[in-house]
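Have a look at the model first, then read on.

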Amino acid sequence: MAVLSSARRVLPWACNGQALARVSGGALGTVRVRARFAWLRKLFFVCHFPMSNMLCLPASMRMGMRSIGAHSMSLLDMQGRSGGGSLLQSRWQSSLPQLDRVDRCDEENTGGDIDWDNLGFGLTPTDYMYVMRCPQASGVFARGELSRYGNVELSPSSGVLNYGQGLFEGLKAYRRADGAGYMLFRPEENARRMQAGAERMCMPAPSVEQFVHAVKQTVLANTRWVPPQGKGALYIRPLLIGSGAILGLAPAPEYTFMIYASPVGTYFKEGIMSAIHLLVEEEFHRAMPGGTGGVKTITNYAPVLKAQMDAKSKGFADVLYLDSVHKRYVEEASSCNLFVLKGGTLATPATAGTILPGITRRSIIELARDRGYRVEERLVSIDDLVGADEVFCTGTAVGVTPVSTVTYKGTRYEFRTGEDTLSRKLYDTLTSIQMGLAEDKKGWTVAID
């Protein structure tokens, strides 16, 4: 159990792996306490008293408070003698993440000292995160709760640390133009993609309703970090990890779903709708047939760092990967999908197991068809790429980003960029829907009031 004090700090106490505060609208959070610990209610309300005030407390309570200061050793053993088992043992035997206490700044100060005009794509710790847990045996996630953003504790033998059993998602919350709330863009699609990835990785996953509810709660708990409209968005990062301890190669016995958020601006340093330079990677491959390239597992991303860092050292923004079989078909960049335009036909590599089915990608396909373009999901050869009129990337983080040049085998190929391009028109349409500036005729947005 946990309590949100009058100083608005979360005090975490593990109770069989359920140690999170549920934040209410008042000064104090709602606290769920087992009946046999009813006397602790009083203790939590006085635990912030100066030490001198302890002299006025009953001896038993003074002893209890000292025990809490020493990680609740004596206090928790008392529960074990009462027939409930030692909470301390339960805390440390559990391989589920345990939350550290994190003191944050006054929540009345919107966004702290952030320079919204120069907001890049970096981590800015916000106030709260959302956590929900599931034992493998039941396959059902319990009701999740909010806790202060902070470090988590994992067993060294957890499935995610040893075998990479983990997935993540990414989506954004935008501040509405009228200031009357916030907007999410197709969060149910992120939920379904996580479910598909969880099936591939032998993990249980939250339901679509649980996922969307958790995202909404995370946004509402961190509203002061949502950038002003036009200055960026609140990037939301859901994680699903095998948190249970496992030694042999097998699915973890327990799983944790958590969400944290951070205000972000543009992904590439070049800025909004500024064209980027890409390098075609010929040595390393992002994915292979039969692998996990089509799901958003954490294990897909570290392997691209070598190629990405090498490319950035040469002045490129990112890398384009070729297929691992023929080495002549373009797949995607390190963190985004690719589109090539030739005449009135827009082509994008088909998601056939090696390419992540991006939600922005799917939306751009539909918006381009609405404009009368022929859109093809197919194999896109390197010849198709270098002969294109226009090239751009899409993704939650990158939005719609035009590509100025692609370098392949030492030759640099240039493409059309600027205001009068399809990528610019699609960017304007997409962001207008996402921020509530245009009517959402497709039902893609979800309002948070």
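## Starting from leucine 234

Let's begin with leucine 234, which is buried at a relative accessible area of 0% (buried means under 20% relative accessible area, exposed over 50%, partly exposed in between, with a 1.4 Å probe and protein chains only). Leucine 234 sits in strand 10; helices (H or I, at least four residues) and strands (E, at least two) are DSSP runs, numbered from the N terminus. Bear in mind that this is a predicted model: local features need pLDDT of at least 70, side-chain atom pairs count only at pLDDT 80 or more, and totals for chains, interfaces and linings use all residues. Residues are numbered from 1 along each chain as its sequence is written, and side-chain values use heavy atoms, with hydrogens and water left out.

What does leucine 234 touch, not counting residues up to four places away in sequence? Its partners include Thr126, Leu171, Ala173, Val219, Asn222, Trp225 and Pro263, where contact means heavy atoms within 4.5 Å. Arginine 175 is 59 residues from leucine 234 in sequence, yet their C-alpha atoms are 8.7 Å apart in space.

Setting aside neighbours within four places in sequence, asparagine 222 is in contact with Thr126, Asp127, Tyr128 and Leu234.

## The nonpolar cores

The largest nonpolar core has 35 residues, and Leu184, Val215, Val219, Ile236, Leu240 and Phe257 have the most contacts inside it. Such a core is a set of buried Ala, Val, Leu, Ile, Met, Phe, Trp, Tyr and Cys residues joined through side-chain atoms within 4.5 Å. Elements that each supply at least two residues of this core include strand 4 (128-135), strand 9 (182-185), helix 6 (187-200), strand 10 and strand 22 (445-448). Helix 7 gives the largest share, seven residues.

Take valine 219: beyond its neighbours within four places in sequence, it is in contact with Ala173, Tyr182, Leu184, Leu234, Ile236 and Ile448. Apart from this core lies another, of 24 residues, among them Phe268, Ala333, Leu385 and Phe415.

Helix 6 has 14 residues and reaches 20 Å from first C-alpha to last, close to the 20 Å expected at 1.5 Å a residue (the expected span is 1.5 Å times one less than the number of residues). Its buried residues include Pro187, Glu188, Glu189, Arg193 and Met194. Just after helix 6, cysteine 202 takes a positive phi of about 60°.

Helix 11 (residues 422-434) agrees with expectation as well: its 13 residues should span 18 Å, and its end C-alpha atoms are 18 Å apart. Arg424, Leu426, Tyr427 and Leu430 are among its buried residues. Glycine 436 follows helix 11 with a positive phi, near 80°.

## Salt bridges

How many salt bridges does a search of the whole structure find? There are 21, a salt bridge being a side-chain nitrogen of Lys or Arg within 4 Å of a carboxyl oxygen of Asp or Glu. In one of them, arginine 361 and glutamate 377 meet at 2.8 Å, N to O. Arginine 361 lies in helix 9 (residues 359-370) and glutamate 377 in strand 17 (residues 374-378), so the pair ties together parts 16 residues apart in sequence. Arginine 361 is buried at 4% relative accessible area, while glutamate 377 is partly exposed at 40%.

Back in helix 11, aspartate 428 and arginine 424 are four residues apart, about one turn of the helix, and they form a salt bridge with closest N and O atoms 3.3 Å apart. Arg374, Glu376, Arg378 and Asp384 are linked in a network of salt bridges.

## The whole chain

Zooming out, the chain has 11 helices and 22 strands, and 51% of its 449 residues count as buried.
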